[in-house]
Amino acid sequence: MTVSLTAYLRACHCGPTVTVTVVGTALAVGSGRPWPQVVLVAVAVFAGQLSIGWSNDWIDAARDKAAGRVDKPIPAGEAGRRGVGVAAVVALAAAVLLSVVATSTGWAHIVAVAAGWWYNVHAKRTVLSPLPFALAFGLLVVFATVSPSWQMVAAGALLGVSAHITNVLPDLADDAATGVHGFPHRLGVRGATATALACLAAATGLLLTVFEHRPYLVGALAVVGLISAALSSRRRLFLFVQLAALVNVAVLLWTTSTT
């Protein structure tokens, strides 16, 4: 079996990994952390997301094979299950060490990463499946930001729930066939979609109480929403949530730098 870097990048769920790292880094910059801390926060978040992504494919290898997921590197034979597992553990150790060194709230990121692993190991199969995402995204704000407001922490948690639901929407049938019945699966496609968008709207509403330049945020989100509607599909809905989160953080960063 030929193992490539591309296969490992795919196994780490590269899109969400990069998005969460960018969000964490932007929050650190926007809250005024010194640049050495910003770099440590960025690397810690990146390592944590690598560990969560790799552990997901490592733990789900047998289930993905049973579901015929040839788009996944392990069942497709492009990466070894053991190698991906080792990479996940090494990245986890790096994330813990870097979190402790980065900020006094490093504990928050350690708990956030632990929540991601909890989801992969067990919670994804239960009605509590949104809880690890709410914890992880809310605690990411606590870790990256200096003295975040409760609105920012709550908005992070809501964005996490929205990201969770939209991420699993395209795979509801495959998941159900292999014994995964998380919260979105119990809601069905329409109920899950409505819940995800409601969480996104609630998160944006909370941030509107913090942001000074509210019309700009509303306009930016409207543009993202129109693009998403024009290219609507269950998979693109997850992309929409990621873009909306990035827009929220970008406006927060701009607001902080101009006040």
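This report describes the salt bridges in a predicted model.

## Basis

The model is predicted: local features need pLDDT of at least 70, side-chain atom pairs count only at pLDDT 80 or more, and totals for chains, interfaces and linings use all residues. Residues are numbered from 1 along each chain as its sequence is written, and side-chain values use heavy atoms, with hydrogens and water left out.

A salt bridge is a side-chain nitrogen of Lys or Arg within 4 Å of a carboxyl oxygen of Asp or Glu. By this rule there are five salt bridges.

## Glu-78 and Arg-10

Glu-78 and Arg-10 form a salt bridge, with 2.3 Å between the closest N and O atoms. Glu-78 sits in the loop between α4 (61-66) and α5 (81-102), and Arg-10 in helix α1 (residues 5-11); the two are 68 residues apart. Helices are DSSP runs (H or I, at least four residues), numbered from the N terminus.

Glu-78 has a relative accessible area of 29% and is partly exposed. Arg-10, at 34%, is also partly exposed. Here buried means under 20% relative accessible area, exposed over 50%, and partly exposed in between (1.4 Å probe, protein chains only).

Asp-60 forms a salt bridge with Arg-63 at 3.1 Å, N to O. Both residues of this pair are buried, Asp-60 at 1% relative accessibility.

Asp-60 also meets Arg-125 in a salt bridge, at 3.7 Å from N to O. Because Asp-60 lies in the loop between α3 (35-59) and α4 and Arg-125 in the loop between α6 (106-121) and α7 (130-144), the pair ties together parts that are 65 residues apart in sequence. Arg-125 is partly exposed, with 29% relative accessibility. Through shared partners, salt bridges join Asp-60, Arg-63, Lys-124 and Arg-125 into one network.
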